[in-house]
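Okay, everyone, thanks for coming. Let me put the structure up, and then we'll walk through it together.

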Amino acid sequence: MKRTPRLVFVSIGLTLFIGFPVTAHHNGGTYFDMGVDIEHKVATVVGYDLVNPHGRLVYVFADGNGNEVEWIGELPSANNARRRGLNADLFKPGDQLSSVTGNPSRSGANFMRLSRVVFANGDIAQISGRNAGVHRAESQ
Amino acid sequence: MKLIKKIAVLSITSALTWLMPVSSYAQADFEGIWNPSHPPRMGQPVPSDVRLTVEGQAEFDAFSPDKDPTLRCVMPGIPLGLVDPYPIEIVQQDHQVLFLYEHFHMVRRIFTDGREVPDHWLPSFMGYSTGQWDGDTLVIRTTHMSPDNYTWTAGFPFSGDPEAYVIERYRRDGEELSFRGEVHDPRYYEEPYVVNGHWDFAPEGEIWEYECIPEFGGIQ
């Protein structure tokens with residue numbers, strides 16, 4: 001299974017800024033490369049668990065060579081996600097996703113800290129940031 | 001005549017005590033549920049500003065995610081839980097202030113009746129907290145904290161040495177509760193490690209259950 005993200009772009013300089021005023025006692029920068037955003041396009045949901053201490057979205061997509069690869073996206077804790085309007089029924093297996101964006105694990109595993117998921121219908125699940133929540137396509 | 005006067009004074013004192021809405025020890029009303037301020041204003045120091053001792057630096061360099069207690073579903077306690085982005089409920093009683101955290105269902109007793117730490121008290125994740133009022137500011141001193149804990153999971157360690165202690169100062173300003181915390185750990189830090197945070201009064205707020213599943217705590 002290849003681990004090459006389909007599209008990688010680097011946001012140099014954000015790491016230090018983001019790391020300090022934290023919303024949790026976890027410093028995301030310790031575990032994830034906050035200066036790098038990766039985006040996977042055209043993915044399919046395999047599993048979703050909204051639990052503590054962190055939720056998980058499991059999805060597959062085809063890499064540049066046409067190989068299907070599986071990734072895990074980490075969400076906030078169930079309690080914090082629910083308070084942002086990200087509920088346990090947000091994803092279900094088989095859901096088609098237009099894109100999945102986040103910060104990759106420093107370990108190099110197929111694991112990222114999710115920041116944004118766009119559904120095939122245009123709905124957006126903003127996982128982190130001030131506008132976190134579900135934004136429906138018709139209201140955008 | 002003296003006896004009647006004494007009885008009258010005692011009666012008035014009792015009546016006043018009964019009518020007081022909060023503990024007679026309290027100088028401010030912190031009672032209720034408090035939500036982390038939004039946008040969040042909970043802050044850790046800039047890592048480059050933290051001055052570690054040689055031993056502290058070695059611990060920092062040896063940190064790995066599997067040492068983060070919360071990722072194993074172990075409560076953050078004190079000092080790691082000082083900056084905690086979850087609601088808390090505060091209950092004020094005559095002899096103590098209770099901090100009821102949503103995060104990991106932590107219950108923290110801050111004794112305000114002047115008692116001292118019992119000799120038999122063992123180090124723990126919550127430690128032992130005593131408090132006193134400095135005007136309208138609640139000042140908490142915590143000792144007996146676990147050496148298995150951390151100051152912040154950016155890798156900042158905590159020694160749990162007997163001389164280590166934490167001072168927190170909480171003050172209410174209208175609908176906002178703010179705090180400043182100082183971690184005094186001379187074995188690992190050249191100077192106190194300082195954090196701060198703010199909560200908003202949430203009369204309609206809720207404290208939710210926080211079930212934690214260790215299998216979902218791992219960082220890959």
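So, which residue in β3(A) does Gly47(A) stand opposite? That one is Val58(A).

Before going on, a word on the source: this is a predicted model, where local features need pLDDT of at least 70, side-chain atom pairs count only at pLDDT 80 or more, and totals for chains, interfaces and linings use all residues. Residues are numbered from 1 along each chain as its sequence is written, with chains lettered from A and ligands numbered from 1 in the order in which they are written.

Now the overall picture. Chain A has three helices and eight strands, and from the N terminus the order goes β-α-α-β-β-β-α-β-β-β-β. Those are DSSP runs numbered from the N terminus: helices are H or I with at least four residues, strands are E with at least two.

Back to our pair of strands. β2, residues 36-49, and β3, residues 56-62, run antiparallel and are joined by six bridges; strands count as paired if DSSP finds at least two bridges between them. They make a hairpin, with six residues between them.

Then β3(A) carries on to β4, residues 68-74, again antiparallel, through seven bridges. Here Val60(A) sits opposite Glu70(A). That hairpin has five residues between the strands, and Gly66(A) in it takes a positive phi near 85 degrees.

Last bit, contacts, meaning C-beta atoms, placed from the backbone, within 7 Å. Of the chain A contacts with a separation of 6 or more, 54% are between residues 24 or more positions apart.

Methods: Contact = placed C-beta atoms within 7 Å.
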